[in-house]
Amino acid sequence: MMFKNPQLLKRRLSAKEKQKEQNIVIKLSGLMFLLGFVIAGLNFRFNWYTLPKVVVIISAVVFLVAYILYAEVLRENIYLSRTIEVQENQKVVDTGLYSIVRHPMYSVTLILFLAMPIVLGSVYSFLVFLLYPFIIVRRIKDEEEFLLQELDGYCEYKQKVKYRLIPFIW
């Protein structure tokens with residue numbers, strides 16, 4: 001990203017959310033990460049519960065596939081930002097993964113974040129990361145309200161691509 005799209009990198013590193021509700025979402029996500037990783041570390045240190053190696057390996061493969069999909073989302077949508085905003089001359093992206101779900105970045109991060117604690121071998125950390133779907137649903141609802149008002153063509157896109165996060169479910 002540093003060489004191919006430095007503006008995208010800059011937007012992805014900017015985390016100053018303008019909406020109050022989204023500041024709470026960001027803080028809850030940060031707390032979830034902190035707690036999840038601390039618990040994973042404690043699980044390893046005190047050997048609370050060890051997952052079978054095959055489960056960890058499968059999770060690692062799922063994580064790597066999700067990471068490749070993450071890179072594809074970054075490639076497809078040059079307007080991605082960590083904050084909810086519409087940029088100058090922004091257009092609706094409706095190809096590739098965006099033709100399957102309206103928020104493929106969140107779909108992929110959901111897979112990444114749920115695979116991560118299993119890769120680390122911690123069922124207890126996984127339970128903490130199960131908060132992420134609830135956090136991200138709140139963010140998606142706010143983001144869609146904003147995009148409907150601010151992004152030309154989003155209403156038509158919403159009618160064309162029915163699912164927000166998980167195909168055939170939501």
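1. Let's start with E76, which sits in helix α3, residues 53-76. Helices here are DSSP runs of H or I with at least four residues, numbered from the N terminus. This is a predicted model, where local features need pLDDT of at least 70, side-chain atom pairs count only at pLDDT 80 or more, and totals for chains, interfaces and linings use all residues. Residues are numbered from 1 along each chain as its sequence is written, and side-chain values use heavy atoms, leaving out hydrogens and water.

2. E76 is buried but has no salt bridge, and R75, the nearest side chain of opposite charge, is 4.6 Å away. Buried means under 20% relative accessible area, exposed over 50%, and partly exposed in between, using a 1.4 Å probe and protein chains only. A salt bridge needs a side-chain nitrogen of Lys or Arg within 4 Å of a carboxyl oxygen of Asp or Glu.

3. What does the side chain of E76 reach at 3.1 Å? That would be the backbone nitrogen of L97.

4. The whole structure has five salt bridges. One of them joins K160 and D94, with the closest N and O atoms 3.1 Å apart. K160 is in helix α7 and D94 in the loop between α3 and α4, 66 residues apart. K160 is exposed at 55% relative accessible area, while D94 is partly exposed at 29%.

5. E144 and R164 also pair up, at 3.2 Å from N to O. E144 lies in helix α6 and R164 in the segment after α7, so this pair ties together parts 20 residues apart in sequence. R102 joins E144 and R164 in a network of salt bridges.

Key: Helix = DSSP H or I, 4+ residues; strand = E, 2+ residues; numbered from the N terminus. Lys, Arg positive; Asp, Glu negative; His and termini not counted. Polar contact = N/O pair within 3.5 Å; in protein donor to acceptor, adjacent residues only side chain to side chain.
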